[in-house]
Amino acid sequence: MEFKQKIHTHYLQMVQDRIDVFRDMITNLTEDSKNDAKGSAGDKHETALSMMHIEQEKLTNKLKEAIAQKAVLDKIDSSKTTENIISGSLVKANGIHLYLSVALPKITIEGINVIALSPQSPLGSHLMGNKVGFQFEINKTHYIIQSVE
């Protein structure tokens, strides 16, 4: 498996794990609220139920975000390489490996740190469509694209 494919697979698994965790948490909250409804009455019960619903809404929003991230990753063909930077490109600039996909935490694959960033981010938007050798500046930092996979 190519380096870029390992990165893509790792990020897909990371997002899928988040989806599974959020689904489990929502299921547990739903079960807790059902169980709580059977044996409680009064203002404390209503407050607890309300808090559970608020937490459930937060988790549902996080779940939707993770599902959207997975949809973006699912559309990327990690075996594809191009000269110009597109969504799914692995770019090396200033010694930093950047995976243009969605904003996700930094990972380490084969001892190399990789940062996943959105093409809509300030750095991502400067990279999109450019080639090796392109130079630009963001926040007083000068970048040079060294490689594109």
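## A tour of the strands and aromatic pairs

Start by selecting Tyr99, which stands opposite Ala116 in strand E4. This is a predicted model, in which local features need pLDDT of at least 70 and side-chain atom pairs count only at pLDDT 80 or more, while totals for chains, interfaces and linings use all residues. Residues are numbered from 1 along each chain as its sequence is written, and side-chain values use heavy atoms, with hydrogens and water left out.

**Strand E2**

Select residues 96-100, strand E2. Helices (H or I, at least four residues) and strands (E, at least two) are DSSP runs, numbered from the N terminus. Four of the five residues of E2 are buried. Buried means under 20% relative accessible area, exposed over 50%, and partly exposed in between (1.4 Å probe, protein chains only).

**Its partners**

Two strands pair if DSSP finds at least two bridges between them. Lys92 stands opposite His97. Two residues separate the strands in this hairpin, and Asn94 takes a positive phi near 55°.

Now bring in E4, residues 112-117. E2 and E4 run parallel, again with four bridges. Next comes E3, residues 104-109, antiparallel to E4 and joined to it by four bridges. Center on Ile107, opposite Val114 in E4. The E3 and E4 hairpin also has two residues between its strands. Glu110 sits in that turn, with a positive phi of about 50°.

**His97**

Go back to E2 and pick His97. Is His97 buried or exposed? It counts as buried, because its relative accessibility is 14%. Show its contacts (heavy atoms within 4.5 Å). Leaving out residues up to four places away in sequence, His97 touches Phe3, Leu90, Val91, Lys92, Ile112, Asn113, Val114 and Ile115.

**Aromatic pairs**

How many aromatic pairs does the structure hold? There are three. Rings of Phe, Tyr and Trp (its six-membered ring) pair if their centres lie within 6.5 Å; planes under 30 degrees apart count as stacked, over 60 as edge-to-face and the rest as tilted.

Select Tyr11 and Tyr99. Their ring centres are 6.3 Å apart and their planes lie at 0°, so this pair is stacked. Tyr11 belongs to helix H1 (residues 3-39) and Tyr99 to E2, so the pair ties together parts 88 residues apart in sequence. Tyr11 counts as buried at 0% relative accessibility. Tyr99 is likewise buried, at 0%.

Last stop: Phe134, Phe136 and Tyr143, which form one aromatic cluster.
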